[in-house]
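Here's a quick walk through the side-chain contacts of this model, plus a look at one helix. Keep the structure open while you read.

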Amino acid sequence: MRRYPGVRDDEEDAMGMIERVDEVLREGKAPALHGLVVVSGGRIVAERYGEGPDHRLGEPLGHVVFDRDTLHDVRSVSKSVVALLYGVALGRGLVPEPGEPLLPQFPEYRDLVDDPARAHLTVGHALTMTLGLDWNEDVPYTGPDNSEVAMELAPDRYRFILERPVVEEAGTRWRYCGGASALLGALIARGTGRPLEEYAATELFEPLGFPAYEWSKGDDGVAMAASGLRLRPVDLAALGRLVLDGGGDLVPAAWVRELGRPRVEIADGFWYGYQWYVSTGGRPWVEAIGNGGQRLLVSPEEDLVVAVTAGEYDEGQGSATAVLDAVLGR
C-alpha cells in the first residue's frame, strides 16, 4: 500500500526523500549545511538553505543567511567545471586531445620540454591526476606545505607544477593535484585566446541563464582553476543537469561520456575519470567534490542531481554526507 494514497510513485519517493532531509536538519545532523538543491525528473523537488559563518577561499565573510541568490564557494568542484569547459574547447579544436604530449604545450619552459623524464606526460595525465609528480594536498590549506597553496605563492604557477620532481611513472596512480587542473585551465585560456572565467561565462554560465557567478583569481590575476569558482547552489544543480542530459547543446555528448568513464581506481568501486569522481557500485554515479562539503552528484539511472554547499572548510564532509545519505536513502 502506498504511504500517500492518490500520489504517483515518483511523487511519493520525492515526499519521502524530503521527509528524510528535514529530519536530518531538525536533528542537527547537518549543522554546517548552507544549501541543498535536489533535481529529479527535470524539476527541483527539494531546496533548503541554512546559515552560518562562511569564507571566500579563506577570506572571512562573517555570518551569512543563505538563500537562492547567495553565491557560494564550490572549491574543488571548480575542477569538474573546468573539465566541462575543456570538452567545449576540444570540440572546437582549440585545445589538445588527451593523448597529446603535455610539456610541448608550454614551450616557454624549454628545459622541462627537453627533459626525457617528463617526455611521456600527456594532457590525459593531467585530466586524470596521474602526472606522477611530487604533489601533496593532504595537509591543511593554510601554508606552503600544501602544494596547491605553494603553487599560488609561486612567481610562476605553471613552472612550479611542471618542474615538480618525478616520483613515479605517469598514469600509474591517482594523486590529488590542483596543479593538474591549473594546467588544464591554462590550456583552455591559451587555446581560446580568452581568460578562463570569460570562456566559462559565454560558453556555459550565460547560456544556462546564471544571473551571477564569480571566479576568484590569484595574485597574478589568473582565475584559480582548481578552486576559485563561486555559484548559486541552484546553478550548480543546473550544471549537474547538463551532465545528466549528456551535455545538451553546450558540451559534446562524447566528452560527457568520457568524463564519467572510470580510468584510475582510488578505492574499491570508487574511481576518477576526467576531473570527476565515478562510483561503479550498485548505484553508479559521477560526482564533483569540493573542500568543506561542496558536492554535485549526478545519477543518470535515477534521473537525479543533488547539489550541496556547506561550511566545514578543512574540517570534513559531515554535513554534506548527512544530507546526501538522506536524499539517497542510505
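There are 12 aromatic pairs in the structure, where Phe, Tyr and Trp rings (the six-membered ring for Trp) pair if their centres lie within 6.5 Å, and planes under 30 degrees apart count as stacked, over 60 as edge-to-face and the rest as tilted. Trp-174 and Tyr-272 make a tilted pair, because their planes sit at 50 degrees, with ring centres 5.5 Å apart. This pair links distant parts of the chain, 98 residues apart: Trp-174 is in the loop between α6 (157–162) and α7 (178–192), and Tyr-272 is in strand β9 (residues 270–272). Helices (H or I, at least four residues) and strands (E, at least two) are DSSP runs, numbered from the N terminus. Trp-174 is buried at 16% relative accessible area, and Tyr-272 is buried at 1%; buried means under 20% relative accessible area, exposed over 50%, and partly exposed in between (1.4 Å probe, protein chains only). Both rings belong to a cluster that ring pairs build from Trp-174, Tyr-176, Phe-270, Tyr-272 and Tyr-277.

A word on ground rules: this is a predicted model, so local features need pLDDT of at least 70 and side-chain atom pairs count only at pLDDT 80 or more, while totals for chains, interfaces and linings use all residues. Residues are numbered from 1 along each chain as its sequence is written, and side-chain values use heavy atoms, with hydrogens and water left out.

Now the charges. A salt bridge is a side-chain nitrogen of Lys or Arg within 4 Å of a carboxyl oxygen of Asp or Glu, and the count comes to 30. Here are some of them:

| Salt bridge | N to O distance |
|---|---|
| Arg-230 and Asp-73 | 2.6 Å |
| Arg-157 and Glu-152 | 3.2 Å |
| Glu-258 and Arg-263 | 2.3 Å |

Arg-230 and Asp-73 are both buried, and they're part of a salt-bridge network that also takes in Arg-56, Glu-59, Arg-75 and Glu-214. Arg-157 is buried at 4% relative accessibility, and so is Glu-152 at 18%. Glu-258, at 27%, is partly exposed, as is Arg-263 at 25%. Arg-263 also lies over the face of Tyr-274, 3.8 Å from the ring centre; the rule is CZ of Arg or NZ of Lys within 6 Å of the ring centre and within 35 degrees of the ring normal.

Last, the helix. α9 (residues 233–244) has 12 residues and reaches 16 Å between its first and last C-alpha, close to the 16 Å expected at 1.5 Å a residue, taking 1.5 Å times one less than the number of residues. Of its 12 residues, 10 are buried, including Leu-236 and Leu-239. Just after α9, Gly-246 has a positive phi of about 75 degrees.
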